[in-house]
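Please keep the sequence and the structure in view while reading.

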Amino acid sequence: MFWAFGLRLDTGCVLFLLTLFSSRYRSVEGTEPDSKAVNIAIVGAGIGGSSCSYFIRELFGAQANIDVFEASNRIGGRLHTVEIAGKKFESGGSIIHPKNKYMGDFVEKLGLKKLKSSEADSLLGIYDGEEFLFYGSRWRILNFIKLIWRYGLIDLYKMNSFVTNMLKNFSNIYTFQENEQAYTTVPDMLKAMGGDQMYEYTQQTTRETLEKVGLNPTLIDELVTAVMRINYGQDVTLNGFAGAVSLAGSQGGLWSVEGGNWKVCKGLLLSSKTTLYMNTRIKEVLKNNGNSGEEVYYTLKGEGQIPNKRYDILIVAAPFEIPDYFFDCKDCKNWPSLKRLGQFWRTIASFVHGHVNLTHFRFETTSEVPDVIGTSENPKDYFNSIGKQSPCENRTNLDVEETPIRKVFSRSDVSASQLNELFSQVDEMKVVSWLAYPHYTPPEKFWSFVLDDGVFYINAIERSASAMEMSAISAKNAALLAHQYFTARASNSQRTKADLSSKVVPKSEL
């Protein structure tokens, strides 16, 4: 019933056959830019960078030359898949909410296929290290009755109303961005969505937020905590806005992309007619301050294929909190310092092809094992959750008798003894360790979306909450800021030329 909110959506086979699998490609459908071309560099080929390239192309048209730099050898950033037992599974950002407009639009425009999540029919159990505090049912009516009995009808209604109201306010951003409203700071964007309260959620914990809503301690300590640990690996001390985003997954209707969510990034980069530089790490940005009458521009340095080019606009689509992603900018005004940034949260995803240890969990048959085992914030709970997984492709050929794949989320590596405790049989196991999202410690502080003239930072938004849709919204904001910046610069340049022209003395007066 409760799954990730979207942490962490094919123009068809013909379009993807046009991709050149090399360190650099340009879409064969690209058009030559006009004489007023603008050079734009985007650092990062995850969902933030790829969706920004799409929005940049929408706003600038053929005028933009878009170069995307990716340090790794693959597209997708924190969207990735892992293969185990001959099938592929989402190992990064896995689930998308039905209210996520941009992700839904991308999938439709790219001709990709949605895979419906099975959370509506999932059996949920909440474990405290010794016993199950809550054990639901696959029958929806019975499950609802059990939830009411344990947590109270009024409190569940209050929680649902809180999430519904948050989503309603959240959706305001789509109207604002359709009208080309852009924001220079995260607090300004949040306040535009839902007033001061939306921003205040980031300044207090999820517990504090839900206590003000009137939820009882049992609901917060068990159900809400289990959802936080599943989605963000943290507990109810994370900020209230991230907590609300996490709880939104409890409303159902979640989905993912057939073949892997990373395919959205690939499709967006192709449709945007970008030039993609793989295995290219940016280490330094040099700023020209417009000396000798020149306009401000930036040049890039690092490892890999970096063109000798002047960039009018630079967009950073990689979290500076991860040291491997951090690079410096000489003479930039608001460039973040690595020492001043908060940490990212490391999560361990262990994919296990095997059978749960019935004795450890005190079950008699495999049918009793919950599809989702959530946990409370108890020192005895050395794992955050254990979730039965569905592959991201070829679901129609699944054999119900096959040994299932389960994903164990934990804050540290699962030891051999712990693995033997949780599973009576392990046929295969693969572990993915990654810095998935910020370590939320409210009151949150935010970097600006604007790092300098023509330099914009997409990942500033992640300090409020991390999700694919959040990145897409911030990418649209960066594209709007970039377009407004370049338009204003062009307008100022024209006025300067006009002023100089008016000061020229006619030959008849010489």
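pLDDT is the predictor's confidence in each residue, on a scale from 0 to 100. The structure shown is a predicted model, and its chain averages a pLDDT of 89.

**Confidence**

- A pLDDT of at least 70 is reached by 87% of the residues.
- Residues 1-35 have a pLDDT below 50, although this stretch has 121 contacts in the model beyond near neighbours in sequence.
- Over residues 504-510 the pLDDT stays under 50, and the model has 1 contact for them beyond four places in sequence.
- Where pLDDT is low, predicted coordinates should not be read in detail.

**Helix α4**

- Helix α4 spans residues 140-151, which makes 12 residues. From its first C-alpha to its last, α4 reaches 16 Å, close to the 16 Å expected at 1.5 Å a residue.
- The residues Asn143, Leu147 and Tyr151 of α4 are buried. Seen down the axis of α4, the buried residues fall within an arc of 40 degrees, so they line one face of the helix.
- An α-helix has 3.6 residues a turn, so residues three or four places apart point the same way.
- Ile141 and Trp149 are exposed, and they sit on the face of α4 turned away from its buried side.
- The buried residues of α4 pack against two strands, β7 (124-127) and β8 (132-135), and against two helices, α5 (153-170) and α9 (217-231).
- Gly152 follows α4 and has a positive phi, near 95 degrees.

**The sheet**

- The sheet is open and mixed in its pairing, with 7 strands in the order β8-β7-β16-β17-β18-β15-β19.
- Strands β8 and β19 (423-438) are the edge strands, each pairing on one side only.
- From one strand to the next, the twist averages 20 degrees.
- Strand β15 (residues 344-356) runs antiparallel to β19, and 13 bridges join the two. Phe351 stands opposite Lys430 in β19.

**Helices on the sheet**

How values were computed
Residues are numbered from 1 along each chain as its sequence is written. This is a predicted model: local features need pLDDT of at least 70, side-chain atom pairs count only at pLDDT 80 or more; totals for chains, interfaces and linings use all residues. Side-chain values use heavy atoms; hydrogens and water are left out. Helices (H or I, at least four residues) and strands (E, at least two) are DSSP runs, numbered from the N terminus. The expected span of a helix is 1.5 Å times one less than its number of residues. Buried means under 20% relative accessible area, exposed over 50%, partly exposed in between (1.4 Å probe, protein chains only). The arc is that of the directions from the helix axis to the C-beta atoms. Contact means heavy atoms within 4.5 Å. Two strands pair if DSSP finds at least two bridges between them. Axes are lines fitted to C-alpha atoms, for helices over the stretch in contact, and angles run from 0 to 180 degrees between N-to-C directions.
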